[in-house]
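Please find below a colleague's note on the structure under review. The comments are set out as numbered points.

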Amino acid sequence: ERSSQSVLFPLQVLVSTMATSTSSKLNKAVKQQYMDLPQGDKVQAMYIWIDGSGEGLRCKTRTLDSEPKTIEELPEWNFDGSSTYQSEGSNSDMYLIPAAMFRDPFRKDPNKLVLCEVLKYNHKPAETNLRHTCKQIMSMVENNHPWFGMEQEYTILGTDGHPFGWPSNGFPGPQGPYYCGVGADKAYGRDIVEAHYRACMYAGVDICGTNAEVMPAQWEFQVGPSEGINMGDHLWVARFILHRVCEDFGVVVSFDPKPITGNWNGAGCHTNFSTKEMREEGGLKIIEESIERLAKRHMYHIRAYDPKGGLDNARRLTGRHETSSIDEFSAGVANRGASIRIPRSVGQDKKGYFEDRRPAANCDPYSVTEALVRTCLLKEQGEEPTDQIRA
């Protein structure tokens, strides 16, 4: 018995010491000494893009001679797609096309974060560049002023993949006290949440709230209301900022829809949607018509709501833990177990918005918002998107 303990003990020490990254232990005061140095008129622009997984983010930095005021002032760039699951080594150059610009909360003004679209060697959109089509679809419905608000749930993990703050051997107490909880035994990782919130505000992201979620070490932030293509831009940059904040703290953020199996809540990205008509008097009728159209296109939306065509969401949308079944469409007022929830206040006011509770935490917001517009505004039918875009 004694010998087995002596074998296990070094492993337990290793797990506890490896839960945060070694880079997070570097001396931040020494780093700040250099970050405080003047940079003259030069500007650092961090180019950000979505890699070939459809979920991962990549970034690299270049120097500009002056502070850019508009997207048009930012130069196109390139990268090696063979190292990002986006091309073969024999023809690996990919193009970065600046699409949206934000203030950089890590390097501070006048430095920038630049969200980019990715084009292949032939200047066609890369397979995971879903922004390209989304922007064209959004341009077709500008007069409808589609507003979106997305509720991004996520889980904080140690670098060992174990949920942050959970016992190394076992589980925390059952769900109940953690949602919007206060106290060291209920809120795991609030420093990360606070740092991320303020960094998003500095950057100019449309972040509008945050709260602790049902599973311990799980949190949520909300972005919106954002109109059209801005929704996807702002959510992707908010995700990038969260990855960077977690990097500084030595932990990892997971957007997996079901990071812990068993009797624990999964992670979604509930999407609130409205149009100008829905927000005006009598808008409830338009909302109900949209829900009828969504009911007839359930599997098309399921395929659009996670990067693996519904396979990730199948682990989450079980009909338990505040979810609807992936196999059935449902809608109801104030029903958190439905595919589509109409908030109680909207039912009373007869106008407003509805909430699509199906998107997974790791969804591509461009895909989700485009699907909603295609079905609700362009009135597409069938299980495949219609070719609405003209060259």
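Predicted model: local features only at pLDDT ≥ 70, side-chain atom pairs only at ≥ 80, totals over all residues.

1. Strand β3 pairs with strand β4 (residues 93-103) in the antiparallel sense, over four bridges. Within this pairing, F79 has M94 of β4 as its bridge partner.

2. Apart from its neighbours within four places in sequence, A99 is in contact with I71, L115, C116, E117 and R131. As for L57, 42 residues apart from A99 along the chain, the C-alpha atoms of the two residues are separated by 15 Å.

3. S367 lies in helix α11, which covers residues 365-376. S367 counts as buried because its relative accessible area is 16%, under the 20% cut-off. When residues up to four places away in sequence are not counted, S367 touches L130 and A304.

4. A nonpolar patch on the surface is formed by V30, Y34 and L37, which together have about 310 Å² of accessible area. Of these residues, L37 is located in the loop between α2 (28-35) and β1 (43-50). L37 counts as exposed because its relative accessibility is 52%, and the exposed class requires over 50%.

Key:
Residues numbered from 1 in each chain as written. Heavy atoms only, no water. Helix = DSSP H or I, 4+ residues; strand = E, 2+ residues; numbered from the N terminus. Buried < 20%, exposed > 50% of the residue type's maximum accessible area, 1.4 Å probe, protein only. Contact = heavy atoms within 4.5 Å. Pairing = 2+ DSSP bridges. Patch = residues over 30% accessible without salt bridge, like charges linked within 9 Å, V, L, I, M, F, W, Y side chains within 5 Å. Areas by Shrake-Rupley, 256 points an atom, 1.4 Å probe, with all protein chains shown as cover. Salt bridge = Lys/Arg side-chain N within 4 Å of Asp/Glu carboxyl O.
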